Amino acid sequence: MNIYTKWLFAPSGGAFALPWTMLAVQQAQAYAVLQPWLARLDPVHWGWGWQTSSSDSIPQEDMLSMATFWQVLAVTVLFCLNVGFNSLSLVEISITLNQTVRAFLPAGVLLLAKCIEQRDYHPHSYWTTIVLVGGIALACWGSPDFRPYGFGLALLSTCVAALGTSLNGRLLSSGPFSKSSRSASFGIARLIMLQSLPAFCMFSFVAWWTERDALRAILSEGGRWTWCQRVVLVSLSSCLALLSNLGRCFLVAATSALMETMAGNAKVAALC
């Protein structure tokens, strides 16, 4: 995903260095895919899970309460900040340096596990994480593409990601999105769908504020074939993003938020 995003932003690649516009399109297309599927599985509530009347027979474990809704909204805001800052950092720095900074994500998740995820990890997890993070950092040391602005964005993205990952782990371990509800796949798809609408609104606003002139210039370049080609390239990034989000949520639901970050560090080792 990161390799393709970096290529998409590069002038010699996709030449579409508009991260906020790309993210808005990803959320819109994710909703367009998930909503019809969830509506087919739950035609009464269209996959949303709101109780529409007092006589509604929706199972209690599948109901979307107001408290859960605010947690989903909080995860969405953190997700938007995370991917936004990360995408901006990829414009400025290399993938290697970006992933070096993000290798410290497990440490943040462990620190927040007790108060956010409400879960206790074994003490050996802390030592293993320290060794793994240190090894990856040493393997990626000395990047020639260091830029303070890009490094700061990657570091900020990592801190936000730790908070969002912990809260996401809490949502997927209990309530309407967990394995104990209707089904794991239905709950995870509904969580991503619920996140996609507010995420689209936030990304669209930022894209309109910061990238509308650049987007207008890109759309005016070339002919219809060039425009269609860029739509296909951005749509491909949407497919990768949706598959990445689904895989990430399934991994958290089956294991823990910490395991997701460990899998991310395995990706860092492969990239380096």
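**Exposure, a cavity and a salt bridge**

Trainee: At 41% relative accessibility, what does Leu-236 count as?

Mentor: This is a predicted model, where local features need pLDDT of at least 70, side-chain atom pairs count only at pLDDT 80 or more, and totals for chains, interfaces and linings use all residues. Residues are numbered from 1 along each chain as its sequence is written, and side-chain values use heavy atoms, with hydrogens and water left out. Buried means under 20% relative accessible area and exposed over 50%, with partly exposed in between (1.4 Å probe, protein chains only). Leu-236 has 41% relative accessibility, so Leu-236 counts as partly exposed.

Trainee: What accessible area do the residues of the nonpolar patch with Leu-236 have together?

Mentor: Patches are made of residues with over 30% relative accessible area and no salt bridge; like charges are joined within 9 Å, nonpolar side chains (Val, Leu, Ile, Met, Phe, Trp, Tyr) within 5 Å. Areas come from the Shrake-Rupley method with a 1.4 Å probe, and for residues only the protein chains shown count as cover. Leu-236 is in helix H9. Together with Met-1 and Leu-240, Leu-236 forms a nonpolar surface patch whose accessible area is about 230 Å².

Trainee: How many helices does the protein chain have?

Mentor: Helices (H or I, at least four residues) and strands (E, at least two) are DSSP runs, numbered from the N terminus. Along the sequence the pattern reads α-α-α-α-α-α-α-α-α-α. The strand count is 0, and the helix count is 10.

Trainee: What share of the residues in the protein chain is buried?

Mentor: Ser-237 in helix H9 is one example, buried with a relative accessible area of 0%. Another is Gln-99, in helix H4 (residues 95-102), which is buried at 2%. Of the 272 residues in the chain, the buried ones make up 46%.

Trainee: What is the volume of the largest cavity?

Mentor: On a 1 Å grid over the protein atoms alone, a cavity is a set of points where a 1.4 Å probe fits but cannot get out; lining residues have an atom within 4 Å of a point. Grid points are joined across faces, edges and corners, and the volume is the space filled by probe spheres set on the points. The structure holds 1 cavity of 30 Å³ or more. The largest has a volume of about 80 Å³.

Trainee: Which helix gives the most to the lining of the largest cavity?

Mentor: The lining includes Gln-26, Phe-79, Ile-192 and Arg-248. By class it has 5 nonpolar, 5 polar and 1 charged residues, where Ala, Val, Leu, Ile, Met, Phe, Trp, Tyr, Cys and Pro count as nonpolar, Asp, Glu, Lys and Arg as charged, and the others, Gly among them, as polar. Helices H2 (19-41), H8 (184-220) and H9 (224-254) each supply at least two lining residues. With 5 residues, the helix that gives the most is H9.

Trainee: How far apart are the C-alpha atoms of Tyr-31 and Gln-195?

Mentor: Tyr-31 lies in helix H2 and, at 23% relative accessibility, counts as partly exposed. Gln-195 is one of the residues lining the largest cavity. Tyr-31 and Gln-195 are 164 residues apart in sequence, while their C-alpha separation is 8.9 Å.

Trainee: Which residue is 9.0 Å from Ser-237, C-alpha to C-alpha?

Mentor: Ser-237 belongs to helix H9. The residue in question is 214 residues away from Ser-237 in sequence, and that residue is Leu-23.

Trainee: Which two side chains meet in a salt bridge?

Mentor: A salt bridge is a side-chain nitrogen of Lys or Arg within 4 Å of a carboxyl oxygen of Asp or Glu. The structure holds 1. At 3.0 Å, N to O, the partners are Asp-213 and Arg-216.

Methods. On a 1 Å grid over the protein atoms alone, a cavity is a set of points where a 1.4 Å probe fits but cannot get out, and a pocket is an open set with protein on both sides within 12 Å along at least five of seven lines; lining residues have an atom within 4 Å of a point.
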